[in-house]
Amino acid sequence: MVMTNFLQKRKSVRDFKNKSVSRFNIETIKSFIDEISEETNNVGFKFYENGSIISKGLQGKAGYHGVMIEAPSYVALIQKDNSEESYINTGYYLEKLNTQIVNLDLDSCWITLDEVDDETKKQLFGEEGPKVNYVIGFGHGVGKKLFTPETTSGRYSRDEIVFKNEIGENISEEELENLGLIEIFSSIRYAPSHMNTQPWRFVVKEHEIYLFMIKSDNNSRSLVDIGVSMFYFEEMAKTIGRYGKWDIILKDNSEYLEIAKFTM
Ligand SMILES: Cc1cc2nc3c(=O)[nH]c(=O)nc-3n(C[C@H](O)[C@H](O)[C@H](O)COP(=O)(O)O)c2cc1C
């Protein structure tokens, strides 16, 4: 599916049928993990085909409003270190894998583990457990179909997240149209983020796009969200023939963190 459509229609699923993921899909996901692991040394993955150990171990410690999301299988991401770039990489690569999982017609949800104690994490994920801050649970969702628009959480409008020259300065639809960016920016706003905080802001300066993050009480979580948006932006840019990558900047600007620059 074209990435813009995918993004507009995707949503998190938290209730799963008691049905295993097929052998074919399990093997396919393992090969996706191998591919991503070849692309980067910045993250590692652990795959849990039988998820009951994970869901039981995290009961009352993570999930949705204190209730663990019970999925048939999980993938855990091992973060390299606690640098800002590592949090960005977590978002970028785990969402890359997540889009591949969802494209197999499976449902999924991110689960944040950054407040789970190290002892529990070691028991569940081994010695590297303390470096696991996120898992994705996946399987076959109950009831609602994966792409049901009315069950998707609300989002900021394009005008609220995309600007010209500086944050706050409006950019017209015509200008975005002329730059070939209208579809990308109309879709990027649907990217998932923790508690749907959507901390990303984009500033178009001629042929460069700057990405900013709104600072908060929990910048680490927001950096992961930013990594998610960077992945989607790059994927959608490819659909208009732009195969660039974000250049990391990471400059503190009081209210915002200037994250990266993308040259069109
Ligand atoms: C980095 C990240 C962490 C998340 N952590 C959780 C979580 O711990 N529990 C949960 O139920 N949903 C979690 N989510 C899912 C978001 O709440 C969800 O994507 C967002 O509210 C938008 O809703 P939608 O995905 O249905 O469009 C997380 C999403 C991201 C990207």
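Helices (H or I, at least four residues) and strands (E, at least two) are DSSP runs, numbered from the N terminus.

## Before you start

What you're looking at is a predicted model: local features need pLDDT of at least 70, side-chain atom pairs count only at pLDDT 80 or more, and totals for chains, interfaces and linings use all residues. Residues are numbered from 1 along each chain, following its sequence as written.

Most residues other than glycine have a negative phi. Asn165 isn't a glycine, yet its phi is positive, about 65°. You'll find Asn165 in the loop between strand 5 and helix 7 (173-178). Asn165 is exposed, because there are 12 other C-beta atoms within 10 Å. (The cut-offs: a residue is buried if 20 or more other C-beta atoms lie within 10 Å of its own, exposed if 12 or fewer, and partly exposed in between; C-beta atoms are placed from the backbone.)

Asp105 is another non-glycine residue with a positive phi, of about 70°. Look for Asp105 in the loop between helix 4 and strand 3. Asp105 counts as exposed because it has 9 C-beta neighbours inside 10 Å.

How many of the residues of helix 4 are buried? The count is 14 of 19, so helix 4 is mostly covered. Helix 4 takes in residues 84-102, and at 1.5 Å a residue it should span 27 Å. (The expected span is 1.5 Å times one less than the number of residues.) Its end C-alpha atoms are 27 Å apart, which agrees.

Is Lys131 buried or exposed? Lys131 is buried, because 20 other C-beta atoms sit within 10 Å. Its place is in the loop between helix 5 (118-125) and strand 4 (132-139). Lys131 and Asp81 are 50 residues apart along the chain, but their C-alpha atoms are separated by 7.4 Å.

## Two open sheets

Strands of a sheet pair through backbone hydrogen bonds, either parallel or antiparallel. Here, two strands pair if DSSP finds at least two bridges between them.

Another open sheet is made of 5 strands in the order 5-6-7-9-8, and its pairing is mixed. At the edges are strand 5 (162-164) and strand 8 (247-253), each pairing on one side only. Here the twist averages 25° from one strand to the next. Strand 5 and strand 6 (residues 200-205) run in the parallel sense over 3 bridges; Val162 has Phe202 in strand 6 as its bridge partner.

## Around the ligand

Which residues come nearest the ligand? Of the 21 around it, they are Ser12, Tyr64, Trp110, Pro192 and Asn196. (A residue is near a molecule or strand if its C-beta atom, placed from the backbone, lies within 6 Å of it.) Strand 3 (107-112) and helix 9 (219-238) are the elements that give two or more residues to this shell. The largest share, 4 residues, comes from strand 3.

Domain 1 (3-139) and domain 2 (153-263) each supply at least three residues of the shell; the domain bounds come from an automatic or database domain assignment.

Technical notes
Axes fitted to C-alpha atoms, helices over the stretch in contact; angles between N-to-C directions.
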